[in-house]
Every structure is written in structure tokens, then in C-alpha cells.
Amino acid sequence: MIIKKVTLFVSNLCTAGGTERVTSSLGNELVKKYHCSIITLFKDKKIFFDINKKIKIINIYSKNQRLRKIFISSIVSMIRILKENEIQIIIVVGRNNNIMPLIAGYFTKTKIIFCEHSSIVGYKVRKETLKEKIYRKIFQFLIIKLSYRIVVLTQKEYLLYQQLYNINKNKMLIIHNFYNNELLCNLRYYNKYSKQIISVGGLNYAKGYEYLIEVAKLVFDKYPDWQWHIYGDGETEYKNKIIDLIKRNNLQSHVILMGNRSDIYDLYQKYSFYVMTSRYEGLPMVLLEAKAKKLPIISFDINSGPSDIVRDGVDGYLVIPFDCNTMADKICELIENPELRQKFSDNAHGNIDKFSKEKIMKQWCDLIDGL
């Protein structure tokens with residue numbers, strides 16, 4: 001039997017974001033059945049997540065560069081890489097700098113699977129420049145025209161694609177992210193006595209940490225003996241803005257930036273519950289991780305993701321997006337009720353099977369084998 005040659009494309013594997021985590025995890029599973037490689041635009045430091053040694057990593061540039069300077073050369077390099085390695089299928093993960101592999105795939109015999117990592121309506125909650133708006137429209141056009149298949153993470157995103165672009169349904173399918181089975185190892189009893197809240201995610205506009213600060217101000221006025229830890233790093237300008245907001249609201253001893261941690265799986269169970277204040281997401285890996293570790297979850301009920309994972313009133317709370325007062329009330333409710341936290345923790349695994357690695361990888365293999 002001929003083993004298919006599959007490659008994944010992501011801009012950079014050296015950061016600790018959700019896209020990079022999904023790419024690493026998916027590659028580590030695909031390599032068990034296929035010849036698997038990962039192509040990146042940049043490798044400016046050590047790869048953050050563990051990658052199976054059987055996976056061939058192909059980096060086009062050794063450091064970050066402006067996209068407009070490398071646009072043509074990147075496409076040329078990718079065409080060469082796809083042809084030299086006889087790649088049959090390229091899985092383009094997310095939107096960041098990913099217009100080049102779409103074009104490169106078109107000029108080879110490589111079939112393109114575009115994997116939507118975030119929400120296609122994320123642009124609605126931030127101000128776009130004219131240049132960004134034009135780029136987004138061109139990119140979306142290329143996704144639709146050049147992709148052999150389009151994978152989305154949730155039913156809501158599937159319906160949005162149909163509503164906005166009227167795509168042939170045979171071209172689209174829903175495949176969730178999966179949680180790592182490692183998360184289910186060494187599960188301890190839920191620590192309902194912890195007085196710490198956890199959030200995990202890159203420090204960027206999409207994660208909505210301004211709302212987190214607003215919520216924290218309301219919560220810690222009532223419960224000054226609690227803390228809120230944020231794991232992740234990101235854009236310097238945005239990070240400095242959040243640091244300034246923490247200082248201006250005198251929250252330095254309550255809201256603490258913990259930076260990136262490679263052992264994040266081991267840290268969840270130190271915490272009482274998980275809170276997410278994102279403006280937009282796809283299917284947040286951090287919520288799957290928190291659920292696997294049996295943490296209660298409170299999240300804004302944004303367009304895509306949280307409602308697929310959190311069952312409101314069963315294992316957490318879904319809050320009207322950006323309603324900081326209600327978010328604070330729900331956090332205070334959990335703080336005040338350790339028995340409720342315990343109940344939510346006991347219910348956390350009630351719908352986790354649909355995100356199992358075995359189920360999700362069968363869908364991916366069925367897709368690849370059918371091309």
C-alpha cells in the first residue's frame with residue numbers, strides 16, 4: 001500500500017499559541033499513518049511544543065520578516081518544496097500568513113485542505129484598516145476557490161460559511177480539535193479549596209484581557225484573598241497595555257501574568273476554575289484542557305467555541321459576550337459556593353467524548369484517505 005505524503009503549514013512553531021499547539025498535536029498523530037512533514041515560514045527560536053522526530057520540519061526562513069518582502073519568494077520556495085517532496089496533501093492551519101501555501105498548492109498537484117482555526121467573523125470585533133480588509137477578502141476568496149476541502153471547528157462556523165459564501169456542502173466538513181490524552185493522566189481530586197482562578201492564552205486583542213481586568217476589579221473588591229493567574233505571552237504593545245491596566249486598577253497582587261509554561265497540563269489542577277474573556281475563538285484548546293482537568297468554566301458565549309464545550313449550568317456558565325457585570329457575578333457565585341464548584345467539576349467529563357483523539361483522528365484519516 002502506498003503511504004500518502006501529507007504536510008501541514010503554519011507560520012511559526014516557535015510560539016505557544018493555539019494554532020501551533022493544534023498543528024503539533026495533529027502532526028504527531030498523522031505521522032503514525034502517513035509520511036508527515038510540517039512547513040513553516042519562520043524559525044527564529046526553539047520549537048515550543050514537542051514534535052515527533054519522524055516529522056520532517058521544513059523552515060523557509062530563519063527569522064521573522066515583513067510579509068510584503070518575502071511574498072513572492074515564499075510562494076516560489078513552497079512550490080519547490082511541495083514538488084521536491086512529492087507532497088500530495090497540504091493542510092493549511094489557520095489564517096496567519098497562509099495566503100502563500102494556498103497559491104503554491106494551486107501551482108502543484110498538491111490538494112489543499114484549509115483548516116479554519118478561528119472564527120470568520122472575528123474581524124467584526126476589531127477595527128480593520130482598509131489594507132487589512134482588502135487582504136481578508138482576497139484571502140477568503142482564495143480559500144473558497146483553491147481549497148479542495150474546508151474544515152471548520154464548530155457547527156456555528158459551518159452555518160456561517162454557508163450563510164456568507166453559499167459553498168457546496170460536499171466541500172466542507174466539521175472536525176473538532178481534540179484534547180490530549182495526557183490530560184487525563186494523574187487526575188487528582190478537584191481542589192475546591194483553591195483560591196486561584198486561571199486563564200491561558202496569548203496576550204493579544206482577540207483574547208479580550210481588557211474585559212478580564214474589568215471583571216477582576218469587581219471580583220477582588222469583594223474577595224481580596226483570591227488571585228487570577230494568566231498564562232501566555234504575546235504582542236509587546238498589547239502586553240504593556242494590560243500591565244498598565246493592572247497597575248492603574250491596583251490589581252498587581254491579584255492579576256498576575258505568569259508567562260509561557262511548557263508544563264501547563266500539570267498546572268490546571270492547582271486552580272479553582274477557568275475563566276475565558278475572549279472576543280472571538282474557533283474551538284478553544286484551553287477550554288478543552290480545563291474540561292479534561294475537570295475545572296468548572298466560565299466563558300463569554302462568543303460566536304464559536306464555548307457553547308460546544310461548556311454546558312451552561314451543568315459544568316460551568318456561559319455569559320452574554322462582554323457583559324462584565326454578569327461575568328463578575330458568576331465568578332462571585334462560584335467563589336461563594338465550593339459545593340457548586342464541586343458539582344460542576346464532577347460533571348465536566350459528561351460531554352468530553354466527542355473531543356476524543358480517537359474520534360477526531362478517524363475523521364481526519366477518513367478525509368485524507370478519501371482524497
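Biologist: What rules apply to the predicted model?

Modeller: Residues are numbered from 1 along each chain as its sequence is written, and side-chain values use heavy atoms, with hydrogens and water left out. Local features need pLDDT of at least 70, totals for chains, interfaces and linings use all residues, and side-chain atom pairs count only at pLDDT 80 or more.

Biologist: Where does Asn85 lie?

Modeller: Helices are DSSP runs of H or I with at least four residues, strands are runs of E with at least two, and both are numbered from the N terminus. Helix α2 covers 67-84 and strand β4 covers 89-93. Asn85 is in the loop between α2 and β4.

Biologist: Is Asn85 buried or exposed?

Modeller: Buried means under 20% relative accessible area, exposed means over 50%, and partly exposed is in between (1.4 Å probe, protein chains only). Asn85 has a relative accessible area of 19%. Therefore Asn85 counts as buried.

Biologist: Which side chain makes a polar contact with the side chain of Asn85?

Modeller: Contact means heavy atoms within 4.5 Å. Not counting residues up to four places away in sequence, Asn85 touches Lys5, Lys56 and Ile58. A polar contact is a pair of N or O atoms within 3.5 Å; within protein, one must be able to donate a hydrogen and the other to accept it, and residues adjacent in sequence count only if both atoms are side-chain atoms. At 2.8 Å, the partner of the Asn85 side chain is the side chain of Lys56.

Biologist: What is the phi of Glu86?

Modeller: Glu86 is also placed in the loop between α2 and β4. Glu86 is exposed, with a relative accessible area of 54%. Its phi is positive in a residue other than glycine, near 50°.

Biologist: How many salt bridges does the structure hold?

Modeller: A salt bridge is a side-chain nitrogen of Lys or Arg within 4 Å of a carboxyl oxygen of Asp or Glu. One of them joins the side chains of Arg21 and Glu289 (2.1 Å, N to O). The structure holds 21.

Biologist: How many residues apart are Arg21 and Glu289?

Modeller: Both Arg21 and Glu289 are buried. Arg21 is in helix α1 (residues 18-30) and Glu289 in helix α9 (residues 285-292), so the pair links distant parts of the chain. The separation is 268 residues.

Biologist: Is Glu116 buried or exposed?

Modeller: Glu116 forms a salt bridge with Arg95, the closest N and O atoms being 2.7 Å apart. Arg95 lies in the loop between β4 and α3 (99-106) and Glu116 in the loop between β5 (111-115) and α4, so the pair ties together parts 21 residues apart in sequence. Arg95 is partly exposed at 21%. Glu116 has a relative accessible area of 1%, so the word for Glu116 is buried.

Biologist: Which residue forms a salt bridge with Asp225?

Modeller: Asp225 is partly exposed, with a relative accessible area of 44%. The closest N and O atoms are 2.7 Å apart, and the partner is Lys195.

Biologist: How many aromatic pairs does a search of the whole structure find?

Modeller: Rings of Phe, Tyr and Trp (its six-membered ring) pair if their centres lie within 6.5 Å; planes under 30 degrees apart count as stacked, over 60 as edge-to-face and the rest as tilted. Ring pairs link Phe114, Tyr135 and Phe139 into a cluster. The search finds 13.

Biologist: What is the pair of Phe42 and Tyr61 called: stacked, edge-to-face or tilted?

Modeller: Phe42 lies in strand β2 (residues 35-42) and Tyr61 in strand β3 (residues 56-61), so the pair ties together parts 19 residues apart in sequence. Both Phe42 and Tyr61 are buried. The ring centres are 6.3 Å apart and the planes are at 35°, so the pair is tilted.
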